[in-house]
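The following note comments on the model shown below. The points are numbered for reference.

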Amino acid sequence: MLRMSKLFLRTLRDDPADAEVPSHRLLVRAGYIRRVAPGGYSFLPLGQILYDNIYRVVKQEMDAMGAQQVHFPALLPREPYEISGRWSEYGDNLFRLKDRKNADYLLAPTHEEMFTLMVKGEYSSYRDLPLIIYQIQTKYRDEARPRSGILRGREFTMKDSYSFDIDDDGLAASYELHRDAYSKTFTRLGITFHIVSAMSGAMGGSKSEEFLAPSAIGEDSFVLCESCGYAANVEAVQVMPPVPVDASVSHAAMVKLHTPNAPGIGALVSVLNELDPGAQYDASKLLKNILFTVDGSPIVVLVPGDREVDEERLAVAVAPGKLGYFEEADFAGRPDLVKGYVGAAGMAARGVPVYADPRIAAGTAWATGANEFEHHAVNAVAGRDFIVDRYIEVATVAAGDPCPTCGSPLSIDRAIEMGHIFQLGRKYSDAFGFDVLGPDGKPKRVTMGSYGIGVSRAMAVIAEQTLDGIGLCWPGSVAPALVHIVAVAAKGGTGVEISTALDIAAQLEARGVSTLVDDREGISPGVRFKDAELLGMPTIVVVGKGLANGTVEVKDRRTGERADMALGDVVNTLVQTIAAS
RNA sequence: CGGGCUGUAGCGCAGUUGGCUAGCGCACCGCGUUUGGGACGCGGGGGUCGUGAGUUCGAGUCUCACCAGCCCGACCA
């Protein structure tokens, strides 16, 4: 039983000035968290209980799938990360520090290395596998821009697990176990989510899916197909293969036009339409020619004018080459590349490789730069006037694009990444030379998966998906208390409301229902009601004026429905209702 | 890394052309009234005005530097 007369809690009437997103504002106002540093938050008692409840759900589902919990330090020596290459790969996002002997340490952003070493140290036979171990532990990432309170912090809690298998089939099985466990976990946490295909990204490896919680404040975008259920992070969408082009259609010869005052795609469209009123140009018929550098050498990337280049996908496509921007200084050194008027035609002569989105299929005609100041070319045909050296999927997707599996229009929504499951493969077992002896007595390289759930982030996500105009609104599976009992003293009262509220709470607790009692003295009813709504327990019981008639009021925080109930029935009824839900 | 905005009590904010004891609301303490929708009266406590230099008889206010926070942008040829 939590008693508000004793609870270490102060609710705020005003929104904190530094909080932008609703979950952050309410978690601070309701006294769950307090900021202590950029991206660093303390939990007050209600926040800690909420966190513990989420922790318990995550742990139960991990244990249920046969994973075993372990624990690592967050403070780690440099060497393992040096061996895996991540000491440098992680860049500025890694917190590095030195001990008194000037030795390098880091605060772990994730623990693949340590798990690999731990298992390598104990196991050496195929008969020991498969194995899944996990921890729920604090991670540190020096984010370029921590934001949204607990949603993107520099210190946060993550459940990370790792599977160790002898072969690909085993890895696939461990992966499926996680997929199921994650679905159960997020369902129990009351989170609405989609499982989407994800990009493997910097982690290396192959198959990867994300658990995304749709939210307007999300930092990820994903596509969803209403008709077939295809879902993917926008960074991982597979576009349709290039539409076959009717080779019999012949295009007019490429023409160079004088196009002054046409900076940018929008202005160029207007200028071209003036020059050629019959042609009906729009951005999708223009070709963006964007220069990047790979290991210092220029490349040009072609996308339709109404699309953007997805740099993360491009970075993956050119790996292990290092992607960079082609900047002013680079233009200065290449007078043959005219800023604002770069055109694919002529890149071969300049020794610049041409990478293109599949939409720039051979036989398609485009308006593009003419590699001459204030000049553009129209009717530049792929395969005739310019050659594409390599097709890669780098154009951003747009709402309405065809679904790669069924062709229906895709929708795009924002979401928060809640979990990520990932078939790592042998990246880390290779790095650390982790073999076990196979049945044939020969060494066999272990294959791994890594899997994460943002535990502290889940607090913000659940808040974000459930809050309303008057406060937080927790699902019963994580709420700090299931029932919030408000004692409202009657005029000239004797305190019987408070003692009755405490009595109801004691009976509920005895039957396993957690309670929060507003037993504060001298607080006006309005404050109690506002606080109860702000704090967000699923059920609110008001012990007040009805007591004279032997009734209390029961309110559902989510629906706002309220009903008077006989004092003698309230405990039984609540216990039954909660058991049924 | 670039741009914009902001640093005054635990929280939210005001503070004029530089001026005397730095204010208001919430929160907090005391007394009294009040008690079903963020009550009221009276009386209180709480401040290195982000930090450091400088200008000045005098700086929350002006100048410079630094630090911190929030938001936006990260290239579009």
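**Note on the predicted model**

1. Five strands form an open sheet of mixed pairing in the order E17-E15-E16-E18-E21. Its edge strands, E17 (323-325) and E21 (390-391), each pair on one side only. Strands (E, at least two residues) and helices (H or I, at least four) are DSSP runs numbered from the N terminus, and two strands pair if DSSP finds at least two bridges between them.

2. This is a predicted model, in which local features need pLDDT of at least 70 and side-chain atom pairs count only at pLDDT 80 or more, while totals for chains, interfaces and linings use all residues. Residues are numbered from 1 along each chain as its sequence is written, and chains are lettered from A and ligands numbered from 1 in the order in which they are written.

3. Strand E18 (residues 354-356) and E21 run parallel and are joined by 2 bridges. Ala356 has Tyr391 of E21 as its bridge partner. Helix H8 (residues 311-318) lies across E15 (287-294), E16 (297-304) and E17, and runs at about 130° to E17. Such angles run from 0 to 180 degrees between N-to-C directions, with axes fitted to C-alpha atoms, for helices over the stretch in contact.

4. Chain A contains 15 helices and 30 strands, and its C-alpha atoms fill a box of roughly 95 × 70 × 50 Å along the principal axes. Of its 581 residues, 39% are buried (20 or more other C-beta atoms within 10 Å of the residue's own, C-beta atoms being placed from the backbone).

5. In helix H5 (residues 112-122), the buried residues include Glu112, Glu113, Phe115, Thr116 and Val119. Among the elements that cover the buried residues of H5 are helix H3 (79-84), strand E9 (155-165) and strand E25 (447-454).

6. Ser163 touches Pro130, Ile132, Leu171, Ser174, Met448 and Gly449, residues up to four places away in sequence being left out; contact requires C-beta atoms, placed from the backbone, within 7 Å. The C-alpha atoms of Ser163 and Leu131 are 5.7 Å apart, although 32 residues separate the two along the chain.

7. Around RNA strand B there are 50 residues, of which Ala17, Pro38, Gly526, Phe529 and Gly544 come nearest (near: C-beta atom, placed from the backbone, within 6 Å). Helix H14 (525-535) is among the elements that each supply at least two residues of this surface, and H14 provides the largest share, 8 residues.

How values were computed: Two residues are in contact if their C-beta atoms, placed from the backbone, lie within 7 Å. A residue is buried if 20 or more other C-beta atoms lie within 10 Å of its own, exposed if 12 or fewer, and partly exposed in between; C-beta atoms are placed from the backbone.
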